[in-house]
Amino acid sequence: MRRCKRSSSRPWPTSTPQSGSTNGSVSNRRPTLPDAFDSVDAPFSRPSLPRAARRPFDPGVITRYTVLSWCSTPSWDCMPPTNTDGTPDNILCIVTDQQRQDSIGAYGNEFVGTPNLDRLAAEGTRFDRGYTPTAICSPARASIVTGVSPTTHGITRNLRGETTIDEDFPCYPQLLRDAGYNVGLDGKWHAGKTPGAFGFDGEHYPGFMHPMHHDDYEVYLDEHGFERYSEDVIDQYPSADAEYAIGGIDTRPVEASFTYFIAERAIERIESYADDYPERPFYIGTHFFGPHRPYFIPKEYFEMYDPDDVHLPESAVKECFENKPRVQRHRYEKTDLRNLSVEQWRKIIALYHGYVTFIDDQIGRILDTLEREGLADDTAVLFTTDHGSFVTAHKNLDKGPLMYEDIYNIPMIGRNLGIDEDVTDEFTSLLNLAPTFLDLAGVDIPGVYEGRSLLDIGRGVDDWRDHVVAEFHGLNYPYEQRMLRTDRYKFVLNAGDVSELYDLEADPHELTNRVADPDYADTREHLESRLGEILRDREDPELPEDEWLYPALSPMYFPRVDEDE
């Protein structure tokens, strides 16, 4: 584990332009394969951060936790349990939607203003190797609430029907409520049924986009004299007739936006729950719908960043999909990006950054409320996202069957978790959240949970995992993927197509697939074998028992790349 001395100056490394940078030059050519641009810009993507030595992981360590009976009756008259580490009982968890790790100043981005997340990181711990178990909304969010991977909780695609988490599963919100906590959620849910079915107070805001006509939101607008949402209040970019908008200006006041509204509800909940503290501690989840596309944001944020100052990701410039699964090229050819100019690519990134700053401003309001209520020292705060976003990296906009760091390596920042380090590069994931919340509350952690508490890092454990596994099951068409990420390498098993192997030390932008490189044959064999053992131990239901390594032998794994996305 890397230990960094705290400093009053910026506690994160800065990124520097690579050789050959044109420092923002703009080409008038539309992007074409294989070379989309004339030259490489200074990197928009992740800065190079030093890595620490790894330690072996014993998968049996979590068995020491007691399997909790989750059918117990709440006992409101009893004082809730407390932890013995001196960490706070109150918990605030802030989750954004589709946020890149490198969109935050604390992770090295000097272009985007995120002073409040930077403050949180300076006062707490930045997790550099945080990962999502899957880069798609509903399955990732279900993993947060259940503490298990999608293959275990059963939600493997974005929800559009009645499929949901089994209510008998020991989800942490109900366990906290049973222990005497106030438990609330304001914002995006998108994990089936309603938050109330799993122990949360709060309204259900359904869907993956802002529910602009939700009764609670419209009541808020009416009470404050703001115009209700309609197409007339959005000045859409790049044009009003686009099938799926990239972004646009919300012409109403900032206070009328859904993002501001969610922060208002979170602030009200803090103030309400503060009245019951310390007799009843609280858990509050604040889940923003952004910076997921479309980037509908107030004018001041829409115009905040000049596209001429934006640097394109190196993988946006150099990606040509050579020796890679053909679905990647297919997605590029099917998306709007191929028909947009270089200037518009830069504008997309500028809008995304504006959205990030907009959300950061709202996070600042929430953190200030904790201070005002005298709860800052009594509240553990954890910030993260469900998954990242490409935002033109690898010639993609959002997410999909591409297991690159852009969408799997996510931001995680914690404060008051009992961890002395400013920065840790231990492998963590969204699966660590549920056990962490229960650990903070002094509640026994169910043995079925697949992660362990982040507080164990502060306790100095020496058996933390040395890898992370992720999965993907499809977005608009079935597509099975499994990923093993180790200290230096990433191996991706693509059902029905070529596998991928990246040497992240030599190739941090994941441009060269080494899976067929004879110099990496031993590495591939080792990673294949290790991933196979992990999947068999997990009883992965999507992979053939005897042919897990070569699923292309079965036509059911062949991706339907001709299907319209």
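A: Helices (H or I, at least four residues) and strands (E, at least two) are DSSP runs, numbered from the N terminus. With those labels, Pro291 sits in the loop between strand E6 (282–287) and strand E7 (295–298). The model is predicted, so local features need pLDDT of at least 70 and side-chain atom pairs pLDDT 80 or more, while totals for chains, interfaces and linings use all residues. Residues count from 1 along each chain as its sequence is written, and side-chain values use heavy atoms, without hydrogens or water.

Stay with Pro291. The peptide bond that leads from Gly290 into Pro291 is cis, and its omega is near 5°. Pro294 also belongs to the loop between E6 and E7. The bond from Arg293 to Pro294 is cis, with omega near 5°.

Next comes Phe321. Its loop runs between helix H8 (314–318) and helix H9 (326–334). Phi of Phe321 is near 65°, a positive value in a residue other than glycine. Phe321 is buried, because its relative accessibility is 5% (buried is under 20% relative accessible area, exposed over 50%, partly exposed in between, with a 1.4 Å probe and protein chains only).

Thr392 has a positive phi too, near 90°, and is not a glycine. Look for Thr392 in the loop between E8 and helix H11 (405–408). With a relative accessible area of 0%, Thr392 is buried.

Now find His214. This residue lies in the loop between strand E3 (182–187) and helix H5 (215–223). Its relative accessibility is 14%, so His214 counts as buried. Setting aside neighbours within four places in sequence, His214 is in contact with Glu203, His204, Tyr205 and Pro206 (contact means heavy atoms within 4.5 Å). A polar atom of the His214 side chain lies 2.8 Å from the backbone oxygen of His204.

Leu375 takes us to the loop between H10 and strand E8 (379–385). Leu375 is buried, at 4% relative accessible area. Beyond neighbours within four places in sequence, Leu375 is in contact with Asn90, Ile270, Ala274, Tyr277, Phe282 and Leu370. Take Ile270: it is 105 residues from Leu375 along the chain, yet their C-alpha atoms are separated by 9.2 Å.

Helix H10 deserves a stop of its own. Helix H1 (residues 115–123) packs against helix H10 (residues 342–372) at about 50°, with the axes 7 Å apart (axes are lines fitted to C-alpha atoms, for helices over the stretch in contact; angles run from 0 to 180 degrees between N-to-C directions). H1 and H10 are therefore oblique to each other (under 35 degrees is roughly parallel, over 145 roughly antiparallel, 65 to 115 roughly perpendicular, and the rest oblique). H1 contributes Pro115, Asn116, Leu117, Arg119 and Leu120, and H10 contributes Asp360, Asp361, Ile363, Gly364, Leu367 and Asp368.

Finish with a sheet. Four strands form an open sheet, ordered E12-E13-E14-E15, with antiparallel pairing (two strands pair if DSSP finds at least two bridges between them). Strand E12 (468–474) and strand E15 (500–503) each have a single partner strand, so one side of each has no neighbour in the sheet. From one strand to the next, the twist averages 15°. Inside the sheet, five bridges join strand E13 (residues 478–485) to strand E14 (residues 489–494). Leu484 stands opposite Phe491 in E14.

Technical notes. A polar contact is a pair of N or O atoms within 3.5 Å; within protein, one must be able to donate a hydrogen and the other to accept it, and residues adjacent in sequence count only if both atoms are side-chain atoms.
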